[in-house]
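Colleague: Please pick one part of this model and take a close look at it. Then connect it to the rest, step by step.

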Amino acid sequence: MLRMDTSSISSQDIAMAVRGVISRVGETVESTAAKAGITRTTMTRRMTGQSSFTVDEVVKVAAALDVPLSQVFRDAEALAVRRARLSA
C-alpha cells in the first residue's frame with residue numbers, strides 16, 4: 001500500500017471522497033445531510049469546495065452512510081495520490 005503524507009490530502013479530495021461514498025451507497029447529498037444532521041446549505045458548501053468539511057462532519061457523514069470513517073479517508077488518500085501522479 002502506498003503511504004503519503006496526509007497533509008497532501010486536500011479539502012477537495014475529502015469532498016470528492018464523500019461524494020463517491022454517497023454515490024456508492026445509493027444516497028443523495030440531500031438525504032445524507034439530513035441523516036448526518038448537517039444543513040443542506042452547509043453540505044452543499046462542503047461538496048462544492050466553498051468551505052471545508054470539519055472532522056466532526058466527516059464522522060457524521062460516515063455514520064449516516066454506515067461506512068467506516070477510515071474508508072472515507074482511504075478514498076481521499078487515493079484521490080490525492082492520483083492527483084499527485086498526474087501533476088508529476
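Modeller: Start where two helices meet: V29, E30, T32 and A33 of α2 touch R40, M43 and M47 of α3. Contact here means heavy atoms within 4.5 Å. Sorted by class, the residues of this α2 and α3 contact are four nonpolar, one polar and two charged. Nonpolar covers Ala, Val, Leu, Ile, Met, Phe, Trp, Tyr, Cys and Pro; charged covers Asp, Glu, Lys and Arg; the others, Gly among them, are polar. Helices are DSSP runs of H or I with at least four residues, numbered from the N terminus.

A word on the source. This is a predicted model, in which local features need pLDDT of at least 70 and side-chain atom pairs count only at pLDDT 80 or more, while totals for chains, interfaces and linings use all residues. Residues are numbered from 1 along each chain as its sequence is written, and side-chain values use heavy atoms, with hydrogens and water left out.

Now the geometry. Two packed helices are described by the angle between their axes and the distance between the axes. The axes of α2 and α3 come within 9 Å and cross at roughly 120°. An axis is a line fitted to C-alpha atoms, for helices over the stretch in contact, and angles run from 0 to 180 degrees between N-to-C directions. The two helices α2 and α3 are therefore oblique to each other. The cut-offs are these: under 35 degrees is roughly parallel, over 145 roughly antiparallel, 65 to 115 roughly perpendicular, and the rest oblique. The crossing of α2 with α3 is right-handed. That term applies if the near helix is turned clockwise from the far one by less than a right angle; anticlockwise is left-handed.

Stay with α2. Its axis also comes within 8 Å of the axis of α4, and the two cross at roughly 105°. That makes α2 roughly perpendicular to α4. Here T32, K35 and A36 of α2 meet K60, V61, A64 and L65 of α4. The contact of α2 with α4 holds four nonpolar, one polar and two charged residues. T32 takes part in the contact with α3 and in the contact with α4.

Next, α1 and α5. Helix α1 spans residues 11-24 and helix α5 residues 69-87; their axes come within 8 Å and cross at roughly 125°. α1 and α5 are therefore oblique to each other. Their crossing is right-handed. From α1 come D13, I14, M16, A17, V18, V21 and R24; from α5 come Q71, V72, F73, D75, A76, L79, A80 and R83. Ten of the residues in this α1 and α5 contact are nonpolar, one is polar and four are charged.

Look at two members of that contact. I14 sits in α1. I14 is buried, at 12% relative accessible area. Buried means under 20%, exposed over 50%, and partly exposed in between, with a 1.4 Å probe and protein chains only. Beyond four places in sequence, I14 touches I9, F53, V58, F73 and A76. I14 and F53 are 39 residues apart along the chain, yet their C-alpha atoms are separated by 7.6 Å. D75 reaches A17, V21 and R24, not counting residues up to four places away.

What ties the helices together? In soluble globular proteins, nonpolar side chains tend to be buried together. The largest nonpolar core here has 24 residues, and V18, M43, F53, V61 and V72 have the most contacts inside it. Such a core is a set of buried Ala, Val, Leu, Ile, Met, Phe, Trp, Tyr and Cys residues joined through side-chain atoms within 4.5 Å. α1, α2 (29-36), α3 (40-47), α4 (55-65) and α5 each supply at least two of its residues. α1 gives the most to this core, six residues. V18 contacts M43, M47, F53, V61 and V72, leaving aside neighbours within four places. M43 and M47 are back where we began, at the meeting of α2 and α3.

Last, some residues that are not buried. T44 lies in α3 and is partly exposed, at 35%. L69, in α5, is partly exposed as well, at 33%. L69 contacts V58, V59 and A62, setting aside neighbours within four places. D66 lies in the loop between α4 and α5. D66 has a positive phi of about 60°, although it is not a glycine. D66 is exposed, with a relative accessible area of 70%.
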